[in-house]
Amino acid sequence: MSLLQIEPTSWLFALSSLGPTVVLVLSALAVLAIDSLSPDARSNTRLAATAAAGTLIALGITVWYLLAGTGQPATGGAISLFSGAIVVDGMGLFFTAIFTSVAALVVVASYDYLEDDANPAAFYSLLLFATTAMSLMAVANSLATVFISLEMASLPSYALVAYLKTNRGSVEAGLKYFLIGAVSAAVFAFGISLVYAATGSLLLPDIATAIGDVTDLAGILGVGILMVAGGFLFKTASVPFHFWAPEAYEGAPAPVSAFLSSASKAAGFAVAFRVFAEAFMPALDVAVDWGLLFGILAVVTMVLGNFAAATQTNVKRMLAYSSIGHAGYALIGLAAVTAGAGANNATVMGAAMAHLLVYGFMNTGAFLFIAMIERWGVGRTFEDYAGIGRKAPMASMAMAVFMFSLAGLPLFGGFFSKYFLFLGAINAGFWWLAAVGAVTSALSLYYYSRVVKALWLEEPTGNLDALDSKPTGLYAAVIVAGVITVLLLPGFGPVIETAEAAAAAVFA
Amino acid sequence: MIIEALLAFTFAAALLVFAVPNRYAHKLAFGLSLVPIVGSLYMWSAFEAGGNALTGGQIAFETVAPWLEVAGYQLQWYVGVDGISLPLVVLTTFLTALAIMSAWTPIDDRQSQFYGLMLLMEANLIGVFTALDFFLWFVFWEAVLVPMYFLIGVWGGPRRKYAAIKFFVYTNIASLVMFIAFMALVFSLPVDSFGLPEITQSLAAGELTAFYGLPAETLALVVFAAMFVGFAVKVPVVPVHTWLPDAHVEAPTPASVMLAGVLLKMGTYALLRFNFTMLPEQASAFAIPIGIIAVVSVIYGAMLALAQTDLKRIVAYSSVSSMGYVILGLIAFTEFGMGGATFQMVAHGLISGLMFMAVGVIYNATHTRIVDDMSGLADRMPVAVWILVAGAFAYMGLPLMAGFAGEFFIFVGSFGSTALPYAPVFTALAMFGIVIVAGYLLLAMQRTLFGPFRLETDYELTRAPMHDIAPLVALLGAIVLLGVAPSLFFDMILDATVPILELGGGL
């Protein structure tokens with residue numbers, strides 16, 4: 001671990017601790033540089049390779065740090081940088097691994113999606129800047145850095161959703177996303193100011209210690225916490241700030257939908273976990289029982305997401321609602337950390353983190369399959385998907401894996417992640433959350449299996465000649481995501497152990 | 001390591017077959033499916049175990065490795081066989097190879113996917129019968145459903161989509177009920193793993209504690225009932241049998257063979273392993289309702305078969321009837337009752353496989369299965385017809401065939417049962433079922449196979465090719481072999497079932 005033997009106060013130490021973030025931002029700048037140096041070449045291949053290399057190197061560094069114990073109890077605990085505004089620990093690295101994996105899959109898939117695009121550099125750089133900001137969200141330890149990194153992630157996302165400038169759906173989705181995002185950012189910033197007013201600090205640990213003394217300002221603190229919660233609910237597409245999600249996911253280019261619904265949602269949870277577990281834990285007794293709030297919202301989100309998904313005729317929109325439902329499952333983790341007993345807290349939060357990781361692969365894969373269909377121009381509804389398994393068996397098999405895994409059938413990673421989450425909720429005393437989760441999850445098999453049925457059991461209705469072209473990048477991304485989703489069942493042990501250890505360190 | 005080798009080979013074979021072009025898939029799949037037969041026969045010859053795997057007996061080919069940990073419980077890769085599971089593993093490998101050969105004629109579309117799914121299902125079935133850790137077992141158990149869903153849904157008859165989804169939904173809901181019940185059971189036990197032997201022995205030692213205010217005795221009864229419902233759907237017994245005729249009629253012949261031959265045995269195997277081995281006292285408490293379910297399945301299943309006009313539906317409903325015998329044998333809690341029920345699982349697997357295959361061969365030639373559309377087939381396709389007749393007699397329990405041995409053991413066992421009140425009455429009622437079986441099978445035979453030749457379809461009747469007849473002959477040979485020498489399996493089965501009786505049932 002030569003990197004970390006550098007003097008802890010030097011700037012080199014800070015840079016190396018934030019290695020993944022630095023690599024991501026450098027690769028984004030490299031993409032811009034390549035495009036500026038030869039603006040007419042429009043070399044999609046070169047740009048995609050640069051972006052893919054950047055995300056994969058960042059992923060490699062993150063995994064290396066995780067295995068080597070950087071920022072974890074094994075090597076002396078969390079690394080605090082910039083006066084504690086940023087803290088690199090196991091949890092931050094775990095979430096960064098999710099973001100970089102998703103970004104890598106999306107970049108590889110976008111190579112084909114952007115084949116005929118006029119300006120691919122903009123797309124790749126926006127994607128990389130958003131990923132950079134997400135990796136900062138995962139390590140932000142002060143409400144100021146949280147807000148800045150959250151907005152840094154949101155701004156490129158708005159542009160990405162509206163990336164298909166000539167497509168009305170895409171532009172409308174981008175506008176809608178932007179307006180709701182702007183409102184929620186305002187609410188969030190106001191919430192931060194109220195919390196600051198009550199506690200006199202922006203650093204999360206300092207807020208936690210100051211909460212004990214806010215006797216007459218408890219009401220202000222409570223309102224502040226609720227408004228901060230609103231900001232997270234927007235980012236994670238949870239009820240009641242979910243309205244943008246179906247439009248944005250449906251209207252955006254499918255790789256962007258994959259990125260937003262997997263990575264951006266996980267980023268929202270990364271900050272939410274850290275802020276609420278580290279800063280607002282003492283506020284439970286003083287100001288507001290946010291655990292109950294998140295519990296109720298989890299129930300509403302699970303029910304609404306799953307029932308709305310069951311009524312859709314458009315596959316992409318169905319996946320958008322399913323993504324809302326999965327936000328509800330992760331919210332269980334946020335609600336159940338209020339149980340009080342340290343070990344249970346760590347278990348359930350670790351389970352929610354592991355679920356977000358598994359979800360990152362299966363959901364990204366599913367949206368990238370949609371991207372493949374969009375590229376073939378087959379159509380959007382379940383009827384249009386009929387018989388695709390006949391022409392594209394490999395990709396359709398991967399899609400079946402994603403669907404069954406999202407539904408939680410015990411064949412793929414999605415089973416264990418849900419099982420651990422529900423079990424953790426029961427052990428933390430939130431058995432009603434687990435019950436709603438189990439019921440909605442059983443219901444979800446209905447609409448997920450409709451996709452499988454359309455792909456494999458139905459006979460083709462339209463002309464599927466377009467399927468003769470085989471986009472290599474999309475295929476590679478979908479199949480890699482599928483293989484990982486399968487392998488996450490036998491290999492779930494290391495994932496959950498890492499997640500639980502990271503969560504335990506936050507509560508320690 | 002032989003079990004791991006068997007599983008790894010079968011999974012790899014499935015992947016290989018998925019990848020080859022359609023025109024080579026059938027022969028390659030058949031060739032590859034012979035290797036697991038060799039493996040399972042080797043296991044049989046090298047089998048050295050005593051007692052029941054769950055109650056502390058010696059386990060053959062046992063391997064344990066940690067998998068992951070959940071809430072203080074260790075999940076393991078834990079496989080091994082005893083006298084109950086080994087015959088079922090042999091049955092699985094044998095029947096899969098024959099089912100693959102019986103698919104050569106009817107399957108003419110997307111062959112590599114079809115045969116790949118067959119091998120994938122075989123691998124998971126071997127896993128179901130060898131897994132000794134609950135989670136491992138559950139993964140294989142559910143993984144069997146997916147290939148079957150596709151086999152019915154893609155290659156099935158006109159109402160295949162409805163049948164496939166009905167099958168999938170029924171069995172998945174049943175699994176969920178069973179899973180939740182079993183979790184409640186394990187979390188009320190002082191065990192630190194999901195190993196089935198550890199759980200069984202802890203239960204036998206009376207270590208069950210209260211669960212969320214539910215006293216241990218009530219919890220055990222509730223769990224028994226929930227698991228019974230969960231597994232009963234798979235068996236299936238009346239009244240949760242309605243998915244079966246739909247699935248069978250729509251499924252292509254090879255899938256029907258696997259469904260009746262092996263998949264139904266998953267249900268009875270799980271009942272034996274979980275309900276009757278882990279909770280024998282609760283089984284005795286529920287003896288009368290279970291006895292009634294068994295007898296109603298026997299009689300009502302047979303009556304339904306009597307009312308059908310489609311040959312495949314007749315065979316399908318008769319499976320419901322035969323599974324009733326198995327349940328009766330299990331609930332009897334006697335040496336011959338339990339041993340006979342386990343033996344009947346294998347025997348019925350072979351016989352129902354033969355019946356579905358023979359009906360399939362006739363359908364390949366006539367393109368109809370409706371009894372009224374044909375008669376006098378015996379003159380035109382003698383070999384297939386005589387094998388069908390032989391299979392029907394095996395079904396009726398002709399001595400020196402496997403069906404006779406299984407049913408005879410069950411009746412001997414259930415007649416003298418002390419665990420089941422009014423056992424002679426239940427046995428007598430169930431024996432009456434044999435009369436109805438003979439009735440509908442003979443009636444259907446007489447109308448379709450004998451008399452003057454008549455066929456009301458637009459197709460020319462052709463003789464069945466060799467590769468259709470060969471699996472039939474092989475199955476018939478196995479049925480006669482087990483009928484003449486039941487001890488080939490029965491000794492090891494008794495070795496593994498007798499320890500269950502000592503736990504608290506009858507004797």
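Modeller: Gladly, and let us begin with charge: Lys and Arg count as positive and Asp and Glu as negative, while His and the chain ends are not counted. The place of a charge is taken as NZ of Lys, CZ of Arg, CG of Asp or CD of Glu. By that rule, the 17 positive and 30 negative charges of chain B have mean positions 17 Å apart. Chain A has 18 positive and 27 negative side chains, with the centres of the two sets 11 Å apart.

A word on the source: this is a predicted model, in which local features need pLDDT of at least 70 and side-chain atom pairs count only at pLDDT 80 or more, while totals for chains, interfaces and linings use all residues. Residues are numbered from 1 along each chain as its sequence is written, chains are lettered from A and ligands numbered from 1 in the order in which they are written, and side-chain values use heavy atoms, with hydrogens and water left out.

Colleague: How many helices and strands does chain B have?

Modeller: Chain B has 21 helices and four strands, and chain A has 21 helices and two strands. These are DSSP runs numbered from the N terminus: helices are H or I with at least four residues, strands are E with at least two.

Colleague: Why is B:D82 called buried?

Modeller: Buried means under 20% relative accessible area, exposed over 50%, and partly exposed in between (1.4 Å probe, protein chains only). B:D82 has 0%, so it is buried. This residue is in the loop between β2 (73-81) and α3 (85-102) of chain B.

Colleague: What does the side chain of B:D82 make a polar contact with?

Modeller: Its partner is the side chain of B:R273, at 2.9 Å. A polar contact is a pair of N or O atoms within 3.5 Å; within protein, one must be able to donate a hydrogen and the other to accept it, and residues adjacent in sequence count only if both atoms are side-chain atoms. Plain contact means heavy atoms within 4.5 Å. Leaving aside neighbours within four places in sequence, B:D82 is in contact with residues including B:F47, B:N52 and B:A496.

Colleague: Is A:T236 buried or exposed?

Modeller: A:T236 has a relative accessible area of 2%, so it is buried. It lies in the loop between α9 (218-235) and α10 (244-251) of chain A. Beyond its neighbours within four places in sequence, A:T236 is in contact with A:K265, A:G268, A:F269 and A:A327.

Colleague: And why does A:L81 count as buried?

Modeller: Its relative accessibility is 5%, so A:L81 counts as buried. A:L81 is in strand β1 (residues 79-81) of chain A. Its contacts, apart from neighbours within four places in sequence, include A:F13, A:L18 and A:V88.

Colleague: Why is B:H367 called partly exposed?

Modeller: B:H367 has 33% relative accessibility, so it counts as partly exposed. It is found in the loop between α15 (335-366) and β3 (374-375) of chain B. B:Y422, in the loop between α18 (402-415) and α19 (423-449), has 59%, so B:Y422 is exposed.

Colleague: What is the phi of B:H367?

Modeller: It is near 60°, a positive value in a residue other than glycine. B:Y422 also has a positive phi, near 55°. For background, most residues other than glycine have a negative phi, and most peptide bonds are trans.

Colleague: Which residues does a cis peptide bond join, with omega about 10°?

Modeller: That bond joins B:V238 and B:P239. The peptide bond from B:V235 to B:P236 is cis too, with omega near -15°. B:P236 is in the loop between α9 (216-234) and α10 (243-250) of chain B, and B:P239 lies in the loop between α9 and α10.
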